[in-house]
Amino acid sequence: MVVYQLLATISFGDAVSNDTLALQEIIKKMGYKTAIFAENIDSRIPKGTAKNYSKFGRVDKNDIIIYHLSTGSKISRDFDKFKCRKVIIYHNITPPEFFEGYNDASYRICKKGYEEVRALADKVDYCIAVSEYNKQNLRDMGFKCPIDVLPILIPFEDYEKKPNEAVIAKYGGDGWTNLLFTGRIAPNKKQEDVIRAFAFYKKYYNPNSRLFLVGSSGGMERYHRRLVSYINALGVRDVIFPGHIKFDEILAYYSLADVFVCQSEHEGFCVPLVEAMKFDVPIVAYDSSAIADTLGGSGILMKEKDPVLTAGVINRLVTDKALREKVISNQRIRLADFDNEKIGGRFEKLFADFIDKGRK
């Protein structure tokens, strides 16, 4: 028996890719042969880590395919022809309407992706959803097979590396308050709503504050230009777009941050929330999609998107030491739920149970 993991793209530092690589080690530890195939392979991925999906051949009926589903893909269209046991790990797909008017290719691939997911509803033996939100999403699209919820595996050891000294030197130690949001510059992330809340915070509470919006705008240049226009229209200063940066620079921005502000309207999991927990950065987040699932009762979850109210909450977290310490304490408790040994052990049990049921 061979366990194959398939995904559309394997990228350096990408959350889905990190999950795939971590699961590969667990599957090997369980004693099974395994291999990764992807349609697109990042050149920074060590040679031999994954093979191109075009070279994926015939499978034996005793083999198992684990498909990490996060976008439209030829893999979805080929899925029915694989005559073996099939598992989907569902990371969710960004609803295409977010990309209308910004990126036609992203709109089409996400629209097609949802059509493909619905078509897979009766073609899979078992699903793992990385959040309760994703599980309900699958049920809503007609999946009747067993579905378990298991968060993705995050390489926490990487976050112990040294932050970029130049970034720390540039922005650290000046007494300013630093607000942060990380995530690609994209319409579903709603960076404009973070900017709006920051504008109120800076004007009415703390002029010595800045906002870092860390993430690549590749493919979303039109959206990025609209954000810049919005900043100019508001007349707000000190909004900084570091762009696509190295990992040690990301670590530096987390190290500098006083509050993490998330206004995203679609997340299948949202790894940056866990990253903020790791760095003891208190979180203010709008309650959408999988945000509440990932926070698990920690952080401050906003039921309405009100920039004035959000600015006030940010100010409380900055100025009220007792509240700040309580929020951070709760986040540390929640962070323990994402321990790799805990999640890895849970995957091992779920996967072993699935294999045993197949044998019976």
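Leaving out residues up to four places away in sequence, Leu6 touches Phe37, Tyr53, Phe56, Ile65, Ile66, Tyr67, His68, Ile75 and Phe82, a contact being heavy atoms within 4.5 Å. The model is predicted, so local features need pLDDT of at least 70 and side-chain atom pairs count only at pLDDT 80 or more, while totals for chains, interfaces and linings use all residues. Residues are numbered from 1 along each chain as its sequence is written, and side-chain values use heavy atoms, with hydrogens and water left out.

Leu6 belongs to the largest nonpolar core, which has 114 residues; Leu6, Ile88, Phe143, Phe260 and Phe351 have the most contacts inside it. Such a core is a set of buried Ala, Val, Leu, Ile, Met, Phe, Trp, Tyr and Cys residues joined through side-chain atoms within 4.5 Å. Buried denotes under 20% relative accessible area, exposed over 50%, and partly exposed the range in between, with a 1.4 Å probe and protein chains only. A second, separate core of seven residues includes Leu7, Ile36, Ala38 and Ile45.

Aromatic rings form a further theme. The structure holds 23 aromatic pairs. Rings of Phe, Tyr and Trp (its six-membered ring) pair if their centres lie within 6.5 Å; planes under 30 degrees apart count as stacked, over 60 as edge-to-face and the rest as tilted. Phe79 and Phe82 are edge-to-face, because their ring centres are 6.4 Å apart and their planes stand at 85°. Both Phe79 and Phe82 are buried.

Phe200 is among the buried residues of H6, whereas Tyr204 counts as exposed because its relative accessibility is 55%. H6 (residues 191-204) is mostly covered, with ten of its 14 residues buried. The cover over these buried residues includes strands E8 (177-182), E9 (209-214), E10 (239-243) and E11, together with helices H7 (221-234) and H11. Helices (H or I, at least four residues) and strands (E, at least two) are DSSP runs, numbered from the N terminus.

Helix H12 (residues 321-335) has 15 residues, which should span 21 Å at 1.5 Å a residue, and its end C-alpha atoms are 21 Å apart, in agreement; the expected span is 1.5 Å times one less than the number of residues. Its buried residues are Arg324, Val327, Ile328, Gln331, Arg334 and Leu335. Seen down the axis of H12, they fall within an arc of 115°, so they line one face of the helix; the arc is that of the directions from the axis to the C-beta atoms. The face turned away from the buried side carries the exposed residues Ala322, Lys326 and Ile333. At the N-terminal end, Asp320 caps H12 through a side-chain oxygen 3.2 Å from the backbone nitrogen of Ala322.

The buried residues of H12 pack against E11 (259-262), H9 (271-278), E12 (283-286), H10, E13 and H11 (307-319). Ser298 is found in the loop between H10 (291-295) and E13 (300-302). With 4% relative accessibility, Ser298 counts as buried. Beyond its neighbours within four places in sequence, Ser298 is in contact with Met277, Asn330, Gln331 and Arg334.

Notes: A polar contact is a pair of N or O atoms within 3.5 Å; within protein, one must be able to donate a hydrogen and the other to accept it, and residues adjacent in sequence count only if both atoms are side-chain atoms.
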